[in-house]
Each structure stands twice: as structure tokens, then as C-alpha cells.
Amino acid sequence: NGNELNYVANSGNPKIIYYRGLTDNGCYTNMYNVNINIIPQPSNLQVTNNGATFCQGDAISFLAGATNATSYNWYKFSNGTGLLGTGASFSPTTSDYTLGQTATVYVQATSNSGCQTALMPVTFTVNAVPTNLQVTGNNSNYCIGEDVIITPSASGSNLSYEWSANSGFTTLLGSTLVDPQGRLNFTTSQSGTFTYYVRAKSASGCATAPTTVTFNVSKIVTNVSVTNQNSQVCYGSSVTFTASATNATSYTWSSDVNGVNVLGNTASITLDQTKYALGANKIYLIASNSGNCNATPVEVNFNVNEIPENLQVTGNAGTYCTGSQVNIQPSATGSNVTYLWATNSNFTTLLGSDKVDANGNLYFVPTTTGTYTYYVKAIIGTCATAPQTVTFTVKEGVSNLQVTNNGATFCQGDAI
């Protein structure tokens, strides 16, 4: 009863309200009706990612939904001004927020009949991502036992660094490989190719895109050996050295310890007289591999001895008689020259002191007839000339000569 109808509509069905008037004397007027159409109000407005935190560069998107709503408006200000976008989905631009600060936009849902919800605040924060990620100290090639120290750096404040064995960073490297400064820092113990990934991370958890770090670790060359080390060489002869080593793939021979004056690049090297001098000589061997994990240069020593020259033989009479003296003298140019005599050209059977004197002369008295052939060569140390052949003939000599009346005394007139 009363002059005013006042109630909260809670049904979407049309309503017919009837009313009549009452006079002071208790008489009613005719009955009248009022048709009321109740339109549903949008309700239960919700927004995905409301209150979320994002990193700079992330795809930021909000999706609004409400019961009975058919459209949505997004505003910059709480009074419904500064329209930013329409539709259920909204993606703010960089002008809609400040890095590191909480930003607020407002959304309002509207029904098909124009009924609207209250403006809902939608908050979010966008944090800065570190920039300019760089990596220094990667030598690309390491040897087992060497230290790997690779340092990442980036622009930003309160940064940390994460290392991983995969680009998805599902498995992070631990303190045995990464030091407290965020450096990849460890001593190599295995050979192979290693690939790691590093990223810079802010205190808010925003990370850079990863940078790939790849390097090789090679085995160290060991057990270097050289044949003919400390050999004695005769001048004019060639000398060959052959190298071997564990984990080596190449060899460098040089006349200096630094490998500047290269003599050869194979496992074996042969030197002729143009590559050495009389006396003590040395060359150097560097055994290496593709990772430059080289062994310490090996000093290879050898000694080059002088060879006598101009061997000549004098005093050979060509023909001798048994009982006569053979005295044939060899001579050659050089210092401290000695001489060897033999019955064969390969000198497996040498003549002894009964035929050769202290000066190296063939000096003896033959007692049998025949043709004699001997060989002589001049020697300095272990270096000898080519042999000279000495041939002569021994014939039977007159022997046992006796004379009658030798030493006798005769008188004048005797038959002597």
C-alpha cells in the first residue's frame, strides 16, 4: 500500500502490476495495470592474469568474462575515461605501464540491453629483463687438466647467472662447475666437445635468452719417443729419426726449440749433410694434436763425425819373393786416422799384428807363394772410407844359398 511501488527486480520475466486508488470515503477507483520488463544485469566479472607479474618482452594478455555480458571496455582511469580497448581480450602496450611498477587498468562489462557492471581494476607488473648478455674467456680448445674459466656479463642490477646442459634449463649446472660469481669454472678431466647454455637473471626472475657456449677438450700428448737418439753419424751420410707418441696426430721437427725453423712435418725425418754440421748437433721435435695439447719439445741429439778423405796406398811392389819384406803404406787426409786391413771387402776378417804394424802399414815377410789380395780403409772414430784393394804376387825366392871354401885360406899358386 502506498503511493510508490519500490522493490528489487530479481527475475528476468516480464511482470504486470495492478493498482487502484482509494478515496477518503472508502471507495476504490477502477483497476489499472503497469507492465514491467526486467533486464538481466551482467554479473560475476572475472579477468585472467589479474595481479600477475610479467617480464619485459612477454606476451601480456588479459581475458575478461562475465555472466550476461556481450561487450567489454577497457579504460585507463577508474572513472571510465581513457578508453584503451574493447572486447573480452586486452593486451596492454608499453605506454600502459612502467617497468618495475604495478600498473592498473579498468574493465567494464555491458549486456546487450546496456546494463553495465561496476569498473573492475586489473593490476599487473612488468619487470625489466637484463640486456647485452656477453661471454668472455672461452678459449674454444682446452687440454685435459686445464682450467676453464668463462665469465658471463649483462646490463642490469642484482643479476645472477644460470648455466645448463640444455637450452630449456631443465637441468642446471651445480657448484662443481659454476662458481659463486656465476662463472663456468672447473678443471677439465675428460676429452670431447662440450656445449653449455648461460642466461642472466634479475632479482625478479626475468631472464635473458640463453647464449650457447661450446668448446673442445683434447687429450694431452704423452710418451714421446724418438729412435736413433744420440746416434753417431758419418759426415755425408743421412740420418733418420722416427717419432711416436700417445694422443699425437702431428709432428713438427725444427732446428729451434720454438718450432720456427721447420725441418719436417711427418713422424719420420731424414737429414742429409745440408742439414747438419761436423760435431755435436741437435734438433727439436714437437708432438701435437688438433687441440694443440702438445708435449714439451723433445731435444734430439746426434754427433756427426769426420770421414777420412783421399785414401791412397804406396809401397806395393806388385811382385815379391818369399822371404822378402812387404811394406805397403796407406795414407788419408783427416785427424786421428787409423787403418784397418782385411782379407775380404766387408771386413769381417781383419788382419792382425802379425801382418799390420802399429802405424797401420801392411808389414810382413811372406813365406808362401801365390797371389795375395787385401783390403784397406781409413777410419776416424766409426767413420771409414770406401776400401782400397791391394793385390800382389809372391814367388818362390832363392834360399839356402851356400858356397864351398867360403872363408878358406889359400897359398899362392893354389887352385882356388
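Which residues of strand 13 lie on the covered face, and which on the uncovered one? I note first that the model is a predicted one.

Entry 1, strand 13. I examined residues 147-155 and found Val148, Ile150, Pro152 and Ala154 on the covered face. Asp147, Ile149, Thr151, Ser153 and Ser155 make up the uncovered face. In a regular strand, side chains alternate between the two faces of the sheet.

Entry 2, partners of strand 13. I looked up the pairing with strand 11 (residues 131-136) and found four bridges, with the two strands antiparallel. Val135 has Pro152 of strand 13 as its bridge partner. I then turned to strand 15 (residues 184-187), which is also joined to strand 13 by four bridges and runs antiparallel to it. Here Val148 stands opposite Phe186 of strand 15.

I recorded an open sheet with the order 3-5-8 and antiparallel pairing. Its edge strands are strand 3 (43-47) and strand 8 (89-90), each of which pairs on one side only. Strand 5 (residues 62-67) is connected to strand 8 by two bridges, again antiparallel. Within this sheet I located Phe62 opposite Phe90 of strand 8.

I placed Thr385 in the loop between strand 32 (383-384) and strand 33 (388-395).

Conventions:
Residues are numbered from 1 along each chain as its sequence is written. This is a predicted model: local features need pLDDT of at least 70, side-chain atom pairs count only at pLDDT 80 or more; totals for chains, interfaces and linings use all residues. Side-chain values use heavy atoms; hydrogens and water are left out. Two strands pair if DSSP finds at least two bridges between them. Buried means under 20% relative accessible area, exposed over 50%, partly exposed in between (1.4 Å probe, protein chains only).
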